[in-house]
Amino acid sequence: MTDTKSNTMWGGRFAAGPDAIMEAINASIGFDQRMAKQDIEGSRAHAAMLAAQGILTDNDAEAIREGLLTVLSEIETGKFEFSTALEDIHMNVESRLKDIVGEPAGRLHTARSRNDQVATDFKLWVRDQIDATLEAITALQTAFLAQAEAGADHVMPGFTHLQTAQPVTWGHHMLAYVEMLGRDASRFTDARARMNESPLGAAALAGTSFNIDRHATAQALGFDRPAANSLDAVSDRDFALDFLNAASICAMHLSRFAEELVIWSSAQFRFVTLSDRFSTGSSIMPQKKNPDAAELIRAKIARIFGANAALMMVMKGLPLTYSKDMQEDKEQTFDAADNLMLALAAMTGMVTDMTANQANLEAAAASGFSTATDLADWLVRTLDMPFRDAHHVTGSIVKLAEDKGCDLPDLTLDDMTAIHPAITGDVFDVLGVQNSVASRTSYGGTAPTEVRKQIARWKEKLA
C-alpha cells in the first residue's frame with residue numbers, strides 16, 4: 001500500500017497513488033538524502049527572503065527556521081525516518097517540517113518549485129565537494145613535495161616509451177605530479193567560479209509573479225549572483241559536468257602515478273618500497289608484497305570516467321527545460337566524488353609512506369646509455385660539431401659500447417678516438433649521471449638546484 005502522504009504532494013490531480021514499480025523508479029530519496037544539509041540551507045534562505053519581502057509573516061518565517069533546524073538535527077543524529085513514498089529529500093524535509101510546525105510549513109514552497117530547489121541543492125553540494133577536493137589535492141601535493149625535497153639529489157632514469165632516456169632526479173619526477181595536481185586544482189577552481197550563480201527563484205521554469213529578491217537569496221547562499229535566465233537555471237547541469245570533467249583529468253593523473261608505483265615496486269625495478277599500510281600479501285606465495293592500493297586506484301578511476309560519460313549521455317538529448325532524466329545526475333556525481341576522494345586519500349598515504357631506493361635508482365640511471373645525449377651535447381659544445389653529426393658519432397660510440405657489453409663511461413679514450421679522433425679525455429666529465437643531472441640547469445630542468453627552486457616556489461604557493 002502506498003503511503004497516503006504521497007497523494008497530498010500532487011494535490012487533487014491524481015486520484016490514486018503510484019504503482020509500486022513506478023514508486024521505485026521515481027524515488028530518489030535513497031541517494032539524494034545526501035543533500036539534506038544543502039536543502040535545508042536553501043530553504044532557510046528562501047524563507048528569510050520571503051519574510052523580508054512581506055510574502056511570509058515574521059512569525060511563520062521564524063517557525064520555519066526553527067523547524068528546519070530541528071529537521072537537520074534529526075537527520076545528522078540519525079533519528080530522521082526517510083520515506084520512499086515522499087520521493088526525494090525536498091518532500092521528506094517539507095513533510096517532517098509540517099509535523100513539527102504545522103500550517104506555516106505549507107507556505108515555505110511559495111515562489112519556488114522543486115526544479116529550482118533541486119538545482120540549487122545540487123549546486124551547493126557540488127560546490128562543497130569542490131572545496132573538499134581542493135583540500136585533498138593540496139594534501140597530496142604536500143606529500144609529493146616532501147618526497148621531492150628528500151630526494152632532490154637522488155638520480156634516477158628518466159623514461160620515454162618506458163625505455164631509459166636521460167638521467168633525472170627523483171625530486172624532479174615528484175615535482176611533475178605537483179604540477180599536474182596544480183592544474184587539477186585550477187580546473188576545480190575555475191569550475192567553482194563558473195557555477196556560482198543561484199538557480200533559486202527561477203521556480204518551475206518561467207520565474208514567479210511574487211515580488212521575490214533573488215539577489216538576497218543568492219548572497220545568503222554564497223553565490224556571486226542569481227542565474228540570469230530561468231529556463232537555463234533549472235535545466236543546467238554544466239556545473240556537474242564541469243566537476244566530473246575536472247575529476248576525470250585529476251583521476252587520470254592519479255592513475256598514471258599508480259601505474260608507476262606498480263612498476264617501480266616490482267622485483268624487476270625495486271625503485272620504491274611501499275609501506276605495509278598500503279600493500280597486501282598473497283594467500284599462497286609468502287614472498288609477495290602486492291601494491292593493491294595502487295592497483296585499486298587505477299581501477300576505480302574507470303568509475304569516474306564512466307560517470308562523466310554517463311551524465312553527458314543523459315543530458316545530450318534533453319529539450320529545455322527540466323526532464324525526469326536529470327534525476328540520474330546525482331548518483332553518477334556522488335559516486336565519482338566518493339571515489340575521487342578515496343583515491344586522493346589513498347595516494348596521499350602511499351606517497352607519504354613510500355621509500356625511494358636511492359642505490360637502485362642510481363644504478364638504473366647509469367644503465368642503458370642514459371648519458372648519450374650528454375655526449376652529443378659535449379661534441380657540439382667542445383668540438384663545434386653540428387648536432388646531426390654529433391648524433392651520428394654518438395650513435396657509433398653507443399654501438400661500440402653495446403658490442404663490448406659495457407656502458408659509455410666504461411669505454412677507453414682510445415675506443416672513442418677510434419670513432420672520432422678529436423675527442424679528448426674531458427668527455428668523461430659529462431658521462432657520469434651525477435654530472436649529467438647537475439648540468440640540466442635550464443628553467444624547469446632536472447638539476448638539483450632547479451628542483452630546490454621549484455620546491456620553494458610550490459611551498460610558498462601552497463602556503
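Rings of Phe, Tyr and Trp (the six-membered ring for Trp) form a pair if their centres lie within 6.5 Å; planes under 30 degrees apart count as stacked, over 60 as edge-to-face and the rest as tilted. The model is predicted, so local features need pLDDT of at least 70 and side-chain atom pairs count only at pLDDT 80 or more, while totals for chains, interfaces and linings use all residues. Residues are numbered from 1 along each chain as its sequence is written, and side-chain values use heavy atoms, with hydrogens and water left out.

**Exercise 1. Aromatic pairs**

State how many aromatic pairs the rule gives, and classify the pair of phenylalanine 80 and phenylalanine 82.

Solution.
- Step 1. The rule gives 14 aromatic pairs.
- Step 2. For phenylalanine 80 and phenylalanine 82, the ring centres are 4.7 Å apart and the planes stand at 50 degrees, so the pair is tilted.
- Step 3. Burial is read from relative accessible area: under 20% is buried, over 50% exposed, and in between partly exposed (1.4 Å probe, protein chains only). Phenylalanine 80, at 9%, is buried, whereas phenylalanine 82, at 29%, is partly exposed.

**Exercise 2. A pair between two helices**

Classify the pair of phenylalanine 188 and phenylalanine 243, and locate both residues.

Solution.
- Step 1. The centres of these two rings, phenylalanine 188 and phenylalanine 243, are 5.8 Å apart with planes at 55 degrees, so the pair is tilted.
- Step 2. Phenylalanine 188 belongs to helix H8 (residues 170-195) and phenylalanine 243 to helix H11 (residues 238-264); the pair links distant parts of the chain, 55 residues apart. Helices (H or I, at least four residues) and strands (E, at least two) are DSSP runs numbered from the N terminus.
- Step 3. Both phenylalanine 188 and phenylalanine 243 are buried.
- Step 4. Elsewhere, ring pairs join Phe144, Phe159, Trp170, Tyr177, Phe257, Trp264, Phe269 and Phe271 into a cluster.

**Exercise 3. Charges over rings**

Which rings have arginine 34 and arginine 127 over their faces?

Solution.
- Step 1. The criterion is NZ of Lys or CZ of Arg within 6 Å of the ring centre and within 35 degrees of the ring normal.
- Step 2. Arginine 34 lies over the face of phenylalanine 334, 4.8 Å from the ring centre.
- Step 3. Arginine 127 lies over the face of phenylalanine 223, 4.9 Å from the ring centre.

**Exercise 4. Helix packing**

Describe how H4 packs with H7, and how H11 packs with H13.

Solution.
- Step 1. Axes are lines fitted to C-alpha atoms, for helices over the stretch in contact, and angles between N-to-C directions run from 0 to 180 degrees.
- Step 2. The axes of helix H4 (residues 36-52) and helix H7 (residues 114-150) come within 9 Å and cross at roughly 125 degrees.
- Step 3. H4 and H7 are therefore oblique to each other. The classes are: under 35 degrees roughly parallel, over 145 roughly antiparallel, 65 to 115 roughly perpendicular, the rest oblique.
- Step 4. H4 passes H7 in a right-handed crossing. A crossing is left-handed if the near helix is turned anticlockwise from the far one by less than a right angle, and right-handed if clockwise.
- Step 5. Residues in this contact (heavy atoms within 4.5 Å) include Lys37 and Asp39 of H4 and Leu124 and Trp125 of H7.
- Step 6. H11 and helix H13 (residues 329-353) pack at about 30 degrees with axes 10 Å apart, in a left-handed crossing.
- Step 7. Among the residues in that contact are Phe243 and Phe257 of H11 and Leu340 and Met347 of H13.

**Exercise 5. Backbone exceptions**

Where is there a cis peptide bond, and what is phi at leucine 162 and alanine 203?

Solution.
- Step 1. Most residues other than glycine have a negative phi, and most peptide bonds are trans.
- Step 2. Leucine 320 and threonine 321 are joined by a cis peptide bond with omega about 5 degrees. Threonine 321 is in the loop between helix H12 (292-315) and H13.
- Step 3. Leucine 162 has a positive phi of about 60 degrees and sits in the loop between strand S1 (155-160) and strand S2 (163-169). At 52% relative accessibility, leucine 162 counts as exposed.
- Step 4. Alanine 203 has a positive phi near 60 degrees and is in the loop between strand S3 (197-198) and helix H9 (214-220). With a relative accessible area of 8%, alanine 203 is buried.
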